Amino acid sequence: MSEPVLQTRGLKRSFTQGGVVIEVLRGVDLTVAPGEIVALLGPSGSGKSTLLQAVGLLEGGFEGSIRIAGEEASKLDDAGRTRIRRDTLGFVYQFHHLLPDFSAAENVVLPQMVHGATRADADARAESLLSSLRLGNRLTHRPSQLSGGEQQRVAVARALANRPALVLADEPTGNLDEATADIVFAEFMSLVRGEGSAALVATHNERLAARMDRVVRLHEGVLE
């Protein structure tokens, strides 16, 4: 059996606010298999984003074990965590966070060049990904020239640019109207599956969650 692409054990995170300790994560055990798309459901404030920040190695202060592609994150230094984020993970957020002064294609090219790709290979990969998302005629457009759905498609392509083993998506269609969200999410699912990546997708949308391979629910800091 393949090793999990993500495995957490006893994952905890708390904050102190006004002298009061707030426990956001209270011992999360989660496993995501290679190629599996998992919905992380929970209402606003349930800790979904905090969990994604933890497994994305974006923030410290966590207790417990986080294993990504077989590596224990707690044993990694800053350079090691940066390597995991660069080589193994892809990120999609509710807001696209595209670089405004660069074209759609350039936003997908840049992370590849940071990863060590040649410009020619990065250009070809960007064109292929964006064309698969129906943006082949928008390659040279800057974010301000794209609709909200198109901007989010570029963000999806950027997340898949370096062929990550695991994509972490935080309400990836939460900033779109329902009709556009359905289209973009279907394209996201198709691209992730086509690339052979796994995904952990935080959402409060039960309808979108039902389209994924498995649903886990975060309630009062633990998974149900």
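Predicted model: local features only at pLDDT ≥ 70, side-chain atom pairs only at ≥ 80, totals over all residues.

Q: What makes α5 a helix that is largely enclosed by the rest of the structure?
A: Twelve of the 13 residues of α5 are buried, so the helix is largely enclosed by the rest of the structure.

Q: Which elements give two or more residues to the largest nonpolar core, and which residues have the most contacts inside it?
A: The largest nonpolar core has 36 residues, and those with the most contacts inside it are Val108, Leu130, Val154, Leu160, Phe188 and Val201. Two or more residues come from each of β3 (37–41), α3 (104–115), α4 (119–132), α5 (148–160), β7, α6, β8 (198–203) and α7 (206–209). The most is given by α5, with six residues. Apart from this core lies another, of 30 residues, among them Leu40, Ala73, Ile84 and Phe91.

Q: What is Leu160 in contact with, leaving aside its neighbours within four places in sequence?
A: With those neighbours set aside, Leu160 is in contact with Arg125, Leu129, Val167, Leu191, Val192, Glu195 and Ser197.

Q: Are Glu187 and Arg153 buried or exposed?
A: Glu187 has a relative accessible area of 12% and is therefore buried, the cut-off for that label being under 20%. Arg153, with a relative accessible area of 10%, is buried by the same rule.

Q: What makes Glu187 and Arg134 a salt bridge, and where do the two residues lie?
A: The closest N and O atoms of Glu187 and Arg134 are 2.7 Å apart, which is within the 4 Å that the label asks for. Glu187 is in helix α6 and Arg134 in the loop between α4 and α5, 53 residues apart. At 53% relative accessibility, Arg134 counts as exposed, because that label applies over 50%.

Q: How do you know that the pair of Arg211 and Asp182 ties together separate parts of the sequence?
A: The side chains of Arg211 and Asp182 meet in a salt bridge at 3.9 Å, N to O. Arg211 lies in the loop between α7 and β9 and Asp182 in helix α6, so the pair ties together parts that are 29 residues apart in sequence. Arg211 is partly exposed, with a relative accessible area of 34%, and Asp182 is partly exposed at 22%. Salt bridges that share partners join Glu178, Asp182, Arg207 and Arg211 into one network.

Q: Why is Phe15 called partly exposed?
A: Phe15 has a relative accessibility of 32%, and partly exposed covers values between the buried limit of 20% and the exposed limit of 50%. Phe15 is found in strand β1 (residues 6–17), and together with Val20 and Ile22 it forms a nonpolar patch on the surface, with about 230 Å² of accessible area.

Q: Where do Glu171 and Glu220 lie, and is each buried or exposed?
A: Glu171 lies in the loop between β7 (166–170) and α6 (178–195), and its relative accessible area of 12% makes it buried. Glu220 lies in the loop between β9 (214–219) and β10 (222–223), and its relative accessible area of 56% makes it exposed. Although it is not a glycine, Glu171 has a positive phi of about 50°, and phi of Glu220 is near 50°, also a positive value in a residue other than glycine.

Notes
Residues numbered from 1 in each chain as written. Heavy atoms only, no water. Helix = DSSP H or I, 4+ residues; strand = E, 2+ residues; numbered from the N terminus. Buried < 20%, exposed > 50% of the residue type's maximum accessible area, 1.4 Å probe, protein only. Core = buried A, V, L, I, M, F, W, Y, C linked by side-chain atoms within 4.5 Å. Contact = heavy atoms within 4.5 Å. Patch = residues over 30% accessible without salt bridge, like charges linked within 9 Å, V, L, I, M, F, W, Y side chains within 5 Å. Areas by Shrake-Rupley, 256 points an atom, 1.4 Å probe, with all protein chains shown as cover.
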